[in-house]
Amino acid sequence: MDKLDRRRFLKCSLAAAGGMMLPRVLSGGSILGSGGDASASVAHAGLSQVEARYYKKLEHKEIECELCPRKCKVGDRERGYCGCRDNQNGTYYTLVHSYPCSANVDPIEKKPLFHFLPGTKAFSIATAGCNLNCKFCQNWEISQVRPEQVRTYHLPPEEIAAYARESGSRSIAYTYSEPIDFYEYMLDCATAGRKRGIKSVVITAGYINHEPWLELIREVDAIKVDFKAFTEDFYQDICHGKLKPVMDALVDLARSNIWYELVYLVVPTLNDDSNDIRRMSKWMVKELGSDVPIHFTRFHPMYLLKNLPPTPVSTLEKARNVALDEGMNFVYVGNVSGHEGEHTYCPGCRQVVIKRVGYRIIQMNLKDGKCSFCRKAIPGVWS
Amino acid sequence: MSKSKVVVVKSSGVIRASGKVNTRLLAQMVEQGLCRLTSESSSEDAIRHYFSPKDKVGLKVNCLAGRMASTHPEIALVVAGQLKAIGVKEKNMIMWDRSSRELEEVGYSLNANGDGPRCYGTDAQGVGYSQDLINYRNIGSLLSRIMESFTTVQLNLPVLKDHSLSGVTCALKNYFGAVHNPNKYHDDGCDPFIADLNQVPQIREQQRLVVCDALRVQYNGGPAYHPQWAENFGGIVVGDDPVAVDFVGYQIIDRIRRGHGLPSLEKAGRKPKHIFTAADGQHNLGKASLEEIDLVETRI
């Protein structure tokens, strides 16, 4: 929770493969009382005490959170499911405002957002906490812990915007954990960023209530939603959530003007059924339209699902083919570097308009948002 | 079928008019509770049923709700005295909970390396949580290193309270304070999460004895302190079956609620399902019916 020298922070952030994620302090290692491993520039978690938005006060100092569909009823001195919002004497506080635990400069393709300012950098931040608990979480060491269990920087919104600008980023990305849970901080950063000409992109599971969702949509520039599955069982058993609120959130996006893309992490045996993917594709074509990009990405064994193998590439290809077959225009394969499913193809002439390898763009056949070959407009935010 | 014995010891004078605990009386209550539980005539012989001098004993208290609704430090100290009397070294006793700050707020004196029993939270520097995840039934958690590495057995010192989510918090729920993410286990009245957590081998195998603080019982509005619903019950509940202790605690809360004209926990929609889940055939952690519990109630 140190206030950092900006030049030093950026130097740190840009080092080591493009960024850093602060280590957790869940485990000590040294003998009690014998010092510690916190460096001079990083201190143990700071906790903010900024009043949360979207909650109501109940009797006897209880509150009900109205931010996400869980609607946690939280007693005095207790926390919500997310672990980062705390009832203190009947007032609900976010503990993570201005205290990110991760900060990196990433290519926007890593989010992945393929149709939003391609080839640009995104200043990416996260705090501890998540309102889901997906058994396959790739970032569980920050998402499934409490804010006091990770190390943090003290970075108020104005400083985030300044860092973003100085790092040459075109956007601030709220990512890695679940930004819904640092909602207040995210909105304040988006405001600060806008003043400096920096856009904001949100990487979320979309597990949020209607009203705060619509406000968020108004305040940011792009959203990527992790659509976990198309079955209620998966959401309940694997993610500890529900499907319907996410579908509703996607429909809200479709009715808005914001740019958004979807990711579907294909987990072997759990959500890789072609029939489910077909049903989902049909639903997307009908409710969201055929132009919303969807990325079928590869699962790697992690967190509570270490017993499953990585997704076979053939399974991803099958999912992609099903979605294409149902009429989706921009269907990608993710986490398989060098795969032809990483490229953007023109739905008109089928030529490659953006050629990618991993997060790198190696060829752009797009001019003024149109295919260079047939001049068909390609949906997205290109400049 | 053997019954689980649970001893409730009460004394009307254990909480003085000033609100302070009469430590001498409390020590007698603990002694009597242990002796009646084990049918021994001395507390040393009684506590030897559960602990040996070589043990490293965790005294897991519950300090989340501040001074008025947490395990009294006096109980932890009395029990530590009993352990010392049979030869457990003070440096091998740790009074602990989630955070040092919360322990201190309740009146515990933090002690990392000094004389006397140790006392600190999992968040103390150099402690933290295990590297490896527990992945068991519905549990995915990191365990406090106080349980994982610093101690070998646990003496569970919960406080008996009403709980807005689980109905009752007592011995079983006390181990929510041993993992890094208890907030993930609040759905459905914390059920089956509490039972699953107590079935985790690292917890089940360390659990030896429960001495529950029922001196002041928060019988409604818990787990936070609400003075209008706190009763000076003046009791402790002792047992080696945490499920049976919780079941008896549940009965105590319901009895107090009846006395104050409140509906039972079940009618209030907060039946503590986790107690019965812990007793079911899948968990087998103890007994949860009066027919299976040998309940001894005594007064000093």
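Tutor: Start in chain A, with A:Asn89, which lies in the loop between β7 (85–88) and β8. Keep in mind that this is a predicted model.

Student: Why is A:Asn89 called exposed?

Tutor: Its relative accessibility is 52%. The label exposed needs a value over 50%. A:Asn89 therefore counts as exposed.

Student: What makes the phi of A:Asn89 worth a remark?

Tutor: Phi of A:Asn89 is about 60 degrees, a positive value, and the residue is not a glycine. Most residues other than glycine have a negative phi.

Student: Is B:Cys190 buried or exposed, and how do you know?

Tutor: Its relative accessibility is 0%. Buried means under 20%. So B:Cys190 counts as buried.

Student: What makes the bond between B:Asp191 and B:Pro192 cis?

Tutor: Look at omega, which is about 10 degrees for the peptide bond joining B:Asp191 and B:Pro192. B:Pro192 sits in the loop between α6 (187–190) and α7 (193–199) of chain B. Most peptide bonds are trans.

Student: Where does chain A have a cis peptide bond?

Tutor: One runs from A:Lys111 to A:Pro112, with omega near -10 degrees. A:Pro112 belongs to the loop between β9 and β10 (121–126) of chain A.

Student: Why is A:Cys101 called buried?

Tutor: A:Cys101 has a relative accessible area of 0%. The limit for buried is under 20%. Hence the label: A:Cys101 is buried. Its place is the loop between β8 (91–94) and β9 (102–107) of chain A.

Student: How far is the C-alpha atom of A:Cys101 from that of A:His154?

Tutor: The separation is 9.1 Å, and the two residues are 53 residues apart along the chain.

Student: What makes helix α3 of chain A "mostly covered"?

Tutor: Count the buried residues. The helix covers residues 157–166, and seven of its 10 residues are buried. They are A:Pro157, A:Glu159, A:Ile160, A:Ala161, A:Ala162, A:Tyr163 and A:Ala164. Just after this helix, A:Gly168 has a positive phi of about 80 degrees.

Student: Why are helices α4 and α5 of chain A called roughly parallel?

Tutor: Helix α4 (residues 183–195) and helix α5 (residues 210–219) of chain A pack at an angle of about 20 degrees. Angles under 35 degrees count as roughly parallel. So α4(A) and α5(A) are roughly parallel to each other. Their axes are 10 Å apart, and the crossing is left-handed.

Student: Which residues make the contact between α4(A) and α5(A)?

Tutor: From α4(A) come A:Tyr183, A:Met186, A:Leu187, A:Ala190, A:Thr191 and A:Arg194. From α5(A) come A:Pro212, A:Glu215, A:Leu216 and A:Glu219. By class, six are nonpolar, one is polar and three are charged.

Student: Why does the spacing within such a set of helix residues make sense?

Tutor: An α-helix has 3.6 residues a turn, so residues three or four places apart point the same way.

Student: Back to chain B. How do you know that B:Ile253 is buried?

Tutor: Its relative accessible area is 0%. That falls under the 20% limit, so B:Ile253 is buried. B:Ile253 lies in helix α9 (residues 242–259) of chain B.

Student: Which residues does B:Ile253 touch, not counting residues up to four places away in sequence?

Tutor: B:Leu160, B:Lys161, B:Asp162, B:Val168, B:Val217, B:Tyr219 and B:Leu265. B:Asp162 is 91 residues apart from B:Ile253 along the chain, yet their C-alpha atoms are separated by 7.1 Å.

Student: What makes the radius of gyration of chain B agree with a compact globule?

Tutor: With 300 residues, a compact globule would have a radius near 19 Å. Chain B has 18 Å, so the two agree. Its C-alpha trace spans about 50 × 45 × 40 Å along the principal axes.

Student: What share of residues counts as buried in each chain?

Tutor: In chain B, 63% of the 300 residues. In chain A, 60% of the 383 residues.

Note on methods: Residues numbered from 1 in each chain as written. Chains lettered and ligands numbered in written order. Predicted model: local features only at pLDDT ≥ 70, side-chain atom pairs only at ≥ 80, totals over all residues. Heavy atoms only, no water. Axes fitted to C-alpha atoms, helices over the stretch in contact; angles between N-to-C directions. Helix = DSSP H or I, 4+ residues; strand = E, 2+ residues; numbered from the N terminus. Parallel < 35°, antiparallel > 145°, perpendicular 65-115°, else oblique. Left-handed = near helix turned anticlockwise from the far one by under 90°. Contact = heavy atoms within 4.5 Å. Nonpolar A, V, L, I, M, F, W, Y, C, P; charged D, E, K, R; others polar. Buried < 20%, exposed > 50% of the residue type's maximum accessible area, 1.4 Å probe, protein only. Rg over C-alpha atoms; globule rule 2.2 N^0.38 Å.
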